[in-house]
Amino acid sequence: MAAVLASALMLPACRQNTGSETQETADTTTNQPTATMKVTRESLGTLTGNAEVEMYTLRNTSGATVKITNYGAIVTSIQMPDKNGNFGEVVLGFGNVKDYLTNDYLSSGPYFGAVVGRYGNRIAKGRFSLEGQQYTLATNNGPNHLHGGLKGFDKKVWQAQKIQGDTTAKLHLMYRSPDGEEGYPGTLQTSITYTLTDNNELRIEYQATTDKPTIVNLTNHSYFNLAQDSAANVLDHQVTINAGRYVAVDKTLIPTGQLPSVKGTPMDFTTPHAIGERIGKVEGGYDHTWVFDRTGSDGDLFLGARVVAPASGRVMEVLTDQPGVQFYTGNFLNGTFRGHGGRTYVKNYGFCLETQHFPDSPNQPGFPSVVLRPGTSYQTTTVYRFSVQQ
Ligand code: GLA
């Protein structure tokens, strides 16, 4: 069934919205509902010491909005309609960028909405070797390296450029990661393009080049809750993941190298299941990588996952070209943070679908490669598409 869904929804990765695009430099737009796509910019000053921190709002013609700050390339807010046409928040985050900079936030590390890298997810003991050379990264998650280290891409100020078209609103973010940053080899020139379309899709395009062999695995760490007005958590959300296997992990969430079948286990989301139905049978809750049943050729996007919130009727589909997805059910949220609408982010208040390569791939010869070499380009696309069903 999942495979059928996937092939029915196959989309070309290079699908581009048409329409003349103009690059804007002046802040002449307002944040009002509009008949055209809008990208607006607000300066927040030098919150982190030197570079200017900004907030951008992408708005489509129906009034859906996505807010992104150039600090950490963080998606701070996504407002989408429910089945009655009422717009509401669908991600976890803060209205004030300063709230992403507090000691509490940084020490607990939920990574709300951020781009994580250079290596999203874990690398065992922070060590890997590449072309005969050993590299050591920070161990910031028990014995392991997680999400790029102590000051990963989620804590960098990116250089932003807004691009407004007739049918799309885009934000282009660039960051040049110096050779040796956080222990990773090579200068990595990275860019992320966020596009809001008139079909209520948030498209994320990642691109990177290097001047030495290195490793890359970028993803977005948004937490979704598609029914924030009525749901205490996301346990009633119905999830489908188009994956017949998952990445088995040890107690520290490092892969064993096995990719067992989901059949007959609480990991089987090949047909829709409520998150809460079997979560109690998974120690700690869901925090694993699923291995997509890829049916498309390279360059095609396929439907990796679909989530429905019964209370609001909101639907989110995840289309990607990546080999896997980390499905994380906010197991470490503990009520410390209050975000949009004053809501308290308790355990399981949000879920993440972080499209990516498998954890610890640099140390797992059997996993798809995450090596990037000079002269080649890392390019990947993920689309979060929102709609409703009655
Ligand atoms: C990822 C990890 C989780 C957790 C979150 C951030 O999804 O897999 O274990 O670290 O990031 O809290």
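Arginine 306 has a relative accessible area of 24% and is therefore partly exposed; buried means under 20%, exposed over 50%, and partly exposed in between (1.4 Å probe, protein chains only). The model is predicted: local features need pLDDT of at least 70, side-chain atom pairs count only at pLDDT 80 or more, and totals for chains, interfaces and linings use all residues. Residues are numbered from 1 along each chain as its sequence is written, and side-chain values use heavy atoms, with hydrogens and water left out.

**Salt bridges**

- Arginine 306 and glutamate 317 meet through their side chains in a salt bridge (3.4 Å, N to O); the term stands for a side-chain nitrogen of Lys or Arg within 4 Å of a carboxyl oxygen of Asp or Glu.
- This pair links distant parts of the chain, with arginine 306 in strand 23 (residues 300-308) and glutamate 317 in strand 24 (residues 314-320), 11 residues apart; strands are DSSP runs (E, at least two residues), numbered from the N terminus.
- Glutamate 317 counts as buried because its relative accessibility is 8%.
- A network of salt bridges links Glu201, Arg306, Glu317 and Arg385.
- Across the whole structure, a search finds 11 salt bridges.
- One of them joins arginine 41 to glutamate 54, with the closest N and O atoms 2.9 Å apart.
- Arginine 41 lies in strand 3 (residues 38-43) and glutamate 54 in strand 4 (residues 54-59), so this pair ties together parts that are 13 residues apart in sequence.

- Four strands, in the order 20-22-25-26, form an open sheet with antiparallel pairing; two strands pair if DSSP finds at least two bridges between them.
- Strand 20 (245-246) and strand 26 (352-356) are the edge strands, each pairing on one side only.
- Strand 25 (residues 324-328) pairs with strand 26 in the antiparallel sense over five bridges.
- Glycine 324 has glutamine 356 in strand 26 as its bridge partner.

**Aromatic rings**

- The count of aromatic pairs comes to 28; rings of Phe, Tyr and Trp (its six-membered ring) pair if their centres lie within 6.5 Å, and planes under 30 degrees apart count as stacked, over 60 as edge-to-face and the rest as tilted.
- Phenylalanine 269 and tryptophan 290 form an edge-to-face pair, 6.1 Å centre to centre with 65° between the planes.
- Phenylalanine 269 lies in the loop between strand 20 and strand 21 (273-274) and tryptophan 290 in strand 22 (residues 287-291), so the pair ties together parts that are 21 residues apart in sequence.
- Both phenylalanine 269 and tryptophan 290 are buried.
- Phenylalanine 269 also forms an edge-to-face pair with phenylalanine 327, 5.6 Å centre to centre with 80° between the planes.
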